[in-house]
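Below is what I looked up, entry by entry.

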Amino acid sequence: MASRLHLRCRRVLVVAAVATLTAVSPAATAPAPAVTTAASAPGRPAPAPGFPAPGFPAPAPAPLASAFDPAPARASLERLLPSVAGQFDLVAVEEPATGDYFEVSGTAGEIRVRGTSPATLLTGVGWYLERVAGVDIGWPGDSLGRLPSTLPAVTGTVTRSATVPHRYALNDTDEGYSGAYRDFDAYRHEIDLMALHGVNEVFVPTGAEYPYYQALQQFGYSSAELRDWIPGPAHQGWWLLQNMSGFGGPVSERLIEARAALGSRIAGHLRSLGMAPVLPGFFGTVPPEFAARNPGAVTVPQGRWVGFARPDWLDPTGPVFDRLAATYYRFQQRRFGDSDMFKMDLLHEGGTPGSVDVAAAAGAVQRALEAAHPGATWVMLGWQTNPSAALLGGVDRNRLLVVDGLSDRYDGLDRETQWGGTPYAFGAIGNFGGHTSIGANTGVWVDRFPAWLTKPGSALRGIAYLPEGTGGNPAAFDLFTELAWQPGPIDHRTWFAEYAARRYGGADPHAAAAWEQLRLGPYSMPSGTWSEPQDSLFTARPSLTTTRAARWSPSAMRYDAATVEQALAELLKVAPELRTTDAYRHDLVDVARQALTNRGRVLLPRIKAAYEAKDLAEFRERVAEWNAHLELLGRLVASDRRFLLGPWLAAARAWGADPAEQDRLEYDARSILTTWADRGPSDTAGLHDYANREWAGLVQDVYAPRWAAYFATLDSALVNRTEPVAVDWFARDDAWAHGHEPYATTPTGDPVALAGEVQAALTR
């Protein structure tokens with residue numbers, strides 16, 4: 001598998017043949033798609049040649065990969081579909097120069113899937129489940145309980161090819177906002193789901209502290225100093241981006257070792273499926289006093305990032321960088337194995353080069369990577385002004401992949417001109433902080449991706465699924481990953497209609513009507529300013545004038561709230577036999593939650609008007625309505641396991657070796673959801689509630705008490721004709737973040753009945 005992975009990661013300048021549908025005998029062996037090179041593909045001019053850095057040899061053409069063992073794909077099927085896995089015949093085929101493809105054929109109970117990697121075999125199975133069996137296995141929610149005991153036959157043979165070689169997933173922040181304390185079974189399940197949806201490259205930050213910890217002990221630092229410098233797991237993503245250090249620590253040596261072991265298993269599982277583990281590379285992040293302890297080293301202070309002191313940057317052009325980078329990569333490779341893709345973001349969100357030549361520094365970073373991993377691809381995030389023209393001027397651009405975080409956010413983008421022909425992936429950040437809001441700019445995706453892919457001189461080579469937190473918005477995940485496997489543009493309305501027909505395991509007119517409303521509303525948000533929906537005012541720090549919970553969230557509704565209320569009404573009419581599916585019950589809670597949340601933007605201005613009019617009776621009536629909605633919200637989200645705080649905190653404590661470490665890790669997990677940090681970054685810089693989410697536990701013990709305390713001060717002010725008493729919100733939230741009260745880890749209540757309560761509350 002190592003040679004296959006190497007081939008997959010280096011092949012960055014090819015495009016796949018379009019999908020074909022051929023009616024042949026299910027037992028027949030269809031030929032591989034015709035080879036179509038990047039230079040000869042219709043509508044796809046040859047890519048820009050790039051600007052090779054001095055001393056880089058041109059990569060030799062790689063031979064075609066040989067067939068592989070489909071056993072890892074079979075094992076994934078046994079986990080995902082234990083009752084019907086034996087009805088699939090998985091056949092390995094060689095990958096042609098055009099890239100990945102799968103074929104699906106077969107008679108009832110005997111489904112044959114041919115594919116170019118274990119992951120691509122799973123992609124073929126995923127296609128069959130959706131398009132033939134008519135069920136959904138989403139992230140989250142599934143309707144697998146509706147699968148027949150004998151799988152239905154396929155009409156003819158269906159061949160589908162990837163239109164781009166890179167199908168990348170996971171933001172640098174995913175571990176922090178999706179759960180830094182997950183276990184291997186959870187990660188493996190998510191990887192299996194990504195493979196079902198065609199992903200082939202996954203960022204793996206778990207255990208990334210290990211090579212830093214080992215390497216820097218050879219450059220003048222004690223283990224204790226480094227364990228103080230490394231943040232807690234939930235905050236490590238921003239340390240890897242060179243934004244901050246230390247918070248949530250110190251980490252124990254046992255924890256470092258355990259996370260490295262987990263990261264190694266995650267990377268190994270990806271390799272077993274023929275997927276690329278994208279590992280963090282080294283670009284110069286060092287602890288304080290590095291230059292003083294290492295003669296000849298030059299470090300550049302990086303200032304502050306939203307209130308945090310940033311780690312220093314070791315000048316990559318200096319004499320010490322190469323030695324430290326080589327040591328880092330050596331320890332990383334020994335522990336995590338090899339990869340051909342490494343994620344690094346120089347000067348992220350305000351980093352400063354000082355007097356260092358950025359082009360020379362970037363070239364040095366790439367040469368250090370090349371020395372450790374010949375032919376490797378450097379992956380970087382397209383965000384704000386990165387990557388800069390100066391950085392791109394110093395590297396071999398053909399060995400870069402920019403995962404664009406802004407493809408669907410702004411208009412007028414020309415990545416080919418801006419990035420000089422550097423290969424890039426069309427990316428979207430559909431949520432920030434892991435907010436529970438429904439919606440995405442999906443209409444922008446289906447229009448913009450094929451237009452960018454086929455325009456003259458296109459350097460588009462992939463997709464990049466980049467929400468800051470995963471595990472929500474299953475329709476968005478499904479549609480986005482499908483972009484890379486459709487031979488042409490996706491019809492937005494048709495796609496959502498088909499999604500509705502399979503999501504709950506059967507066609508239903510009310511499910512179709514519900515998803516049409518969701519399509520017209522939260523899933524048709526326009527580009528121009530935002531890529532995520534508005535967040536919840538229930539989760540905001542209390543104020544009569546608040547318009548958002550997180551400082552950087554949209555300040556107003558991005559769609560017509562009536563569409564979600566209409567979707568809720570339709571979902572409540574779905575046929576009883578479909579209501580038992582996991583997907584239905586998740587979606588019903590999610591849509592009801594969103595409908596109730598949106599109503600908060602109507603209620604708060606009414607409360608403000610009553611307060612300013614000094615109408616105590618009206619004020620109290622509106623506040624009672626607000627509080628009743630929050631109480632109902634807490635009961636609603638408690639009915640689905642995906643909206644529970646308890647598992648998040650229990651997982652964190654499970655990683656601790658003793659009570660002190662358990663408490664420290666629990667604070668790491670609690671703080672990132674609430675205060676995020678100490679008072680300075682939280683209050684002054686505005687990081688508080690960045691990761692707000694409507695979860696049972698947070699609603700009842702953080703958000704509802706905040707608003708109750710606030711309204712009590714306003715009520716007292718009206719009664720006594722005084723100014724309201726100021727509340728120290730950070731102190732309240734910080735006390736909760738340092739608390740240890742347990743929360744439920746299993747859901748309670750009937751989601752259908754509770755959603756009905758929401759509908760009744762909204763129609764009163």
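**Entry 1: an enclosed helix**

I began with helix α6 (residues 209-216), where 7 of the 8 residues are buried, so the helix is largely enclosed by the rest of the structure. By buried I mean under 20% relative accessible area, with exposed over 50% and partly exposed in between (1.4 Å probe, protein chains only). Helices (H or I, at least four residues) and strands (E, at least two) are DSSP runs, numbered from the N terminus. I listed the buried residues of α6 as E209, Y210, P211, Y212, Y213, A215 and L216. Then I asked what covers them, and the cover includes α7 (223-229), α8 (236-240), α9 (253-272), β9, α10 (290-293) and α11.

**Entry 2: ground rules and confidence**

A note to myself: this is a predicted model, in which local features need pLDDT of at least 70 and side-chain atom pairs count only at pLDDT 80 or more, while totals for chains, interfaces and linings use all residues. Residues are numbered from 1 along each chain as its sequence is written, and side-chain values use heavy atoms, with hydrogens and water left out. pLDDT is the predictor's confidence in each residue, from 0 to 100. I noted a mean pLDDT of 92 for the protein, with 91% of its residues at 70 or more. Over residues 1-65 pLDDT stays under 50. For that stretch the model has 156 contacts beyond four places in sequence, a contact being heavy atoms within 4.5 Å.

**Entry 3: the barrel**

Next I followed the strands. I found that 8 strands close into a barrel, in the order β6-β7-β8-β14-β15-β16-β17-β18, with parallel pairing. Two strands pair if DSSP finds at least two bridges between them. Neighbouring strands of this sheet are turned by 30° against each other on average, direction ignored. Helix α11 (residues 321-336) packs on the sheet and touches β8 (276-280) and β14, its direction making about 145° with that of β8. Helix α12 (residues 358-372) also packs there, touching β14, β15 and β16 (400-404), and its direction makes about 135° with that of β15. For these angles, axes are lines fitted to C-alpha atoms, for helices over the stretch in contact, and angles run from 0 to 180 degrees between N-to-C directions.

**Entry 4: an open sheet**

I then turned to an open sheet of 3 strands, ordered β9-β13-β10 and paired antiparallel. Its edge strands are β9 (285-286) and β10 (299-300), each pairing on one side only. Between β10 and β13 (residues 312-314) I counted 2 bridges, and T299 stands opposite L314 in β13. Both of these residues turn up in the contact list of F290, which, apart from neighbours within four places in sequence, touches L216, F219, Y221, A297, T299, L314, V320 and L324.

**Entry 5: the core**

Which residues of the largest nonpolar core touch the most other members? Of its 233 residues, they are L81, F88, F290, W378, W626 and W676. Such a core is a set of buried Ala, Val, Leu, Ile, Met, Phe, Trp, Tyr and Cys residues joined through side-chain atoms within 4.5 Å. Helix α20 (residues 582-612) gives the most to this core, with 13 residues.

W676 has a positive phi of about 75° although it is not a glycine. I placed W676 in the loop between α23 (659-671) and α24 (679-684), and its relative accessible area is 1%. D689 also has a positive phi, near 60°; D689 sits in the loop between α24 and α25 (698-720) and counts as buried at 0% relative accessibility.

I looked up two cis peptide bonds as well. One joins W139 and P140, with omega about 5°, and P140 lies in the loop between α3 and β5. The other runs from N386 to P387, with omega near -5°, and P387 lies in the loop between β15 (377-382) and α13 (389-392).

**Entry 6: a buried aspartate**

My last stop was D136, in the loop between α3 (118-133) and β5 (157-161). Is D136 buried or exposed? D136 is buried, with a relative accessible area of 1%. A polar contact of 2.7 Å joins the side chains of D136 and R503. A polar contact is a pair of N or O atoms within 3.5 Å; within protein, one must be able to donate a hydrogen and the other to accept it, and residues adjacent in sequence count only if both atoms are side-chain atoms. Beyond four places in sequence, the contacts of D136 include D478, Y499 and R502.
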